[in-house]
Amino acid sequence: MGAVELRGFGWRHAGRKAWAVRGVDLRIEHGERVLLLGPSGAGKSTLLAALAGLLPEDSGEQKGTAEIDGLDPRKARERVGMVFQDPETQLVMARCGDDVAFGLENRGVPAEEIWPRVDEALRRVGFPYGRDRPTAALSGGEQQRLALAGTLALRPDLLLLDEPTANLDPVGATLVREAVAGAVRGDTTLILVEHRVAEALPLVDRVVVLTPGGGVTADGPPDAVFAAHGEALAAAGVWVPGRPVQPRRATAPTGDTLITAERLGLPPRLRPTDLTVRAGEALAVLGPNGAGKSTLALLLGGLVKPGVGRVVATSALAGRDAGTPPHRWRAPALATRIGSVFQDPEHQFVTRTVFDELALGPRRTGRSEAETRSVVNDLLVRLRLDRLAGANPYTLSGGEARRLGVATALATAPRLLVLDEPTFGQDRRTWLELVELLAGLRDAGHGIVTVTHDAEFVASLADRHVALERSGTR
Amino acid sequence: MTESPLAAPIAEAGAPLARRNPVAKLGAALVFSLALLATVDPVAPAIAIAIELAVLPLFGVRYRVLARRAWPLLVGAVGIVVTLVLFAAERDGAVLVDAGPVVVTTGVLMTALGLVLRMLAVALPGVIVFATTDPTDLADALIQNVKTSPRFAIGALAAFRLLPLLGMEWQMLTLARRARGVDAGRNPLAKLRLFASTAFALLVGAIRRGTRLATAMDARGFDAGTPRTVARRQRFTAADAALIIVAGALAGLALTVSVLLGTFRPLIG
């Protein structure tokens, strides 16, 4: 039960020219635990959706066959369970127990069996609260644990996990991995898609690598796959374990102070905090969830009015406006001095094409059309977006959208950059490019503030760090 | 995490009428309110409000809590009185206040009072029902007792959960636009355009989120053609039927008193 057989499998979404996944031959036996790898765009999520029976026949074109225990996946849906990336959009009900019961109701499980199975599933994932806990009161990691319980309660033979920890901070990701390790039994086949390979390896006994052009690059036990293909996989963006990154230290001494936070806070989200950012330095802001890191980024970015204390921009940053707090500057002036990069790049997109997106800032801040064109073309090349100049920003992959988000902030040449979790969920290639880019900006005299959970990123780039504590007013 | 204020019942769950089947409560409120719509006089609604306030403790709602929940209604009531006093076309009856352009007569005051009482009498039952009903229970009862499609009832419930996210999303979109150098300054046309573009982005995001939620529900077998079972049984008992009948009878009582007093003015005719 739960055996997967793919023969020459391919899928092209309706209306797309390129095949999302193609030429995959793969057999996964009952009870195997497989980590599915591949650079972004290799079709991992499409393959999982196909196995979950979530690609209706009329939603695209199929090549070859996919079978679960000899059945078309669309007819084998009762045997398959799937957990997705985004915790917010997986929970259906207002109370935890009801949410786990939701799938059991859909499958027509007799009423008297539902609650015992709900309790058993909650126990299996180590859920710390009772059935009546509101789902809205859970952290991201707890929500993913609950989603896992809701899937396991259905007793799937094949469990598909599509980057279940990508939207979580390290603490939440650990919660989910522990739940998977403790809850998935030997009688369940597991296919896991996950960027962070080192953390995922204890959960699997086999690694399959998809090739972006089609087919399978490598398949076998983790050690053998990484020994034979480690170099190529790392170059393609896979986080191959045991390949440390060279740190990028500042090459020049720091310059003028750009901005100072004096007892800056916003109760109850952020406790009063002092910090200084100078030109030519990269400052990392660390701290647990709920400490107000993102709030601090918004305050330093001049986007939110401080609740207490103040933000002081020096004349090195703001010229004649140095006396006015950044949150009172007009938006075009702000964009030329402080660039903010949001955690979700899609929040920042305003126009219909990548080119216009990059041109927006320069045009808004009064640059000529010729200047704008030269700035945009330079950024397109620097951030490997030149092939995508005409694409709609909303259709970009995660890594492309992230690069565009950073590029839009750079387009107005601000002296200070404030980034909120820039490396979240990125593959190794984009990650290295970001470190390289930010290190280059720092060495060119920019000030860089990064709010992050990513310890490796801090080790590679940051010259200094500030650790916030949980605001805990209540 | 923010919790939707609409989603939080404010009553003691154990109160005798709060425990009644949600569909019965909704039905009773509808019967009561619809009957009152038949008249435009002030007497029937006044009696209805007295009844509504009298049964409030049976629903486990405190008066203070109701006042807090119903404050938009009270604001609306004040608005009606002020508007009518200032702008009413017919100013019959004795003059009470004559302050230049503002003339307050007994006729105007009676009309305003009638309207306010009517609005409160018709709206209060709904407020009471939603204050004492958990949305999940309501969806369950709609599916089990009046055969509403689960696709609709559960779908609405799931969408309801995503509502509080929209507020946060709007704030992030607004801040991100400022960070991009986009603001409207004092230009009203630019303000309108910025609002429209932000609203569009919010809509795009909401649709994507809705699609993801629908896929996740699909993956858990929702609406797959298998007959559903129910984890939480909602029963519609004789007491629930009685609640609706009594609501109808009380509304009838209010109307009868109004007819007997000669104040009854039918809405139609």
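Visitor: In which helix does B:Ala121 lie?

Guide: The model is predicted, so local features need pLDDT of at least 70 and side-chain atom pairs count only at pLDDT 80 or more, while totals for chains, interfaces and linings use all residues. Residues are numbered from 1 along each chain as its sequence is written, and chains are lettered from A and ligands numbered from 1 in the order in which they are written. Helices (H or I, at least four residues) and strands (E, at least two) are DSSP runs, numbered from the N terminus. B:Ala121 lies in helix H5 of chain B, residues 106-131.

Visitor: Is B:Ala121 buried or exposed?

Guide: A residue is buried if 20 or more other C-beta atoms lie within 10 Å of its own, exposed if 12 or fewer, and partly exposed in between, with C-beta atoms placed from the backbone. B:Ala121 counts as buried because it has 25 C-beta neighbours inside 10 Å.

Visitor: With which residues is B:Ala121 in contact, leaving aside neighbours within four places in sequence?

Guide: Two residues are in contact if their C-beta atoms, placed from the backbone, lie within 7 Å. On that basis B:Ala121 touches B:Leu36, B:Pro45, B:Ala48 and B:Ile49. B:Ser33, 88 residues away in sequence, has its C-alpha 7.2 Å from that of B:Ala121.

Visitor: At what angle do H2(B) and H5(B) pack?

Guide: Two packed helices are described by the angle between their axes and the distance between the axes. Axes are lines fitted to C-alpha atoms, for helices over the stretch in contact, and angles run from 0 to 180 degrees between N-to-C directions. Helix H2 (residues 43-55) of chain B packs on H5(B) at about 35°, with the axes 8 Å apart. Their crossing is left-handed (the near helix is turned anticlockwise from the far one by less than a right angle; clockwise would be right-handed). From H2(B), B:Pro45, B:Ala46, B:Ala48, B:Ile49 and B:Glu52 meet residues of H5(B) that include B:Ala121 and B:Leu124. This contact has nine nonpolar, no polar and two charged residues (Ala, Val, Leu, Ile, Met, Phe, Trp, Tyr, Cys and Pro count as nonpolar, Asp, Glu, Lys and Arg as charged, and the others, Gly among them, as polar).

Visitor: How do H13(A) and H14(A) pack?

Guide: Helix H13 (residues 398-410) and helix H14 (residues 428-443) of chain A pack at about 10°, their axes 10 Å apart. They are therefore roughly parallel to each other (angles under 35 degrees; over 145 is roughly antiparallel, 65 to 115 roughly perpendicular and the rest oblique). The crossing of H13(A) and H14(A) is right-handed. A:Gly399, A:Arg402, A:Arg403 and A:Val406 in H13(A) meet A:Thr430, A:Leu434 and A:Leu437 in H14(A).

Visitor: How many residues of H11(A) are buried, and what covers them?

Guide: Nine of the 11 residues of H11(A), residues 354-364, are buried. Their cover includes helix H10 (331-337), helix H12 (369-382) and H13 of chain A. Just after H11(A), A:Gly366 takes a positive phi of about 85°.

Visitor: How many residues does each chain give to the contact between them?

Guide: Chain B gives 41 residues and chain A gives 52 residues. On the side of chain B that touches chain A, the largest share, 11 residues, comes from H7(B). That side of chain B divides into 22 nonpolar, eight polar and 11 charged residues.
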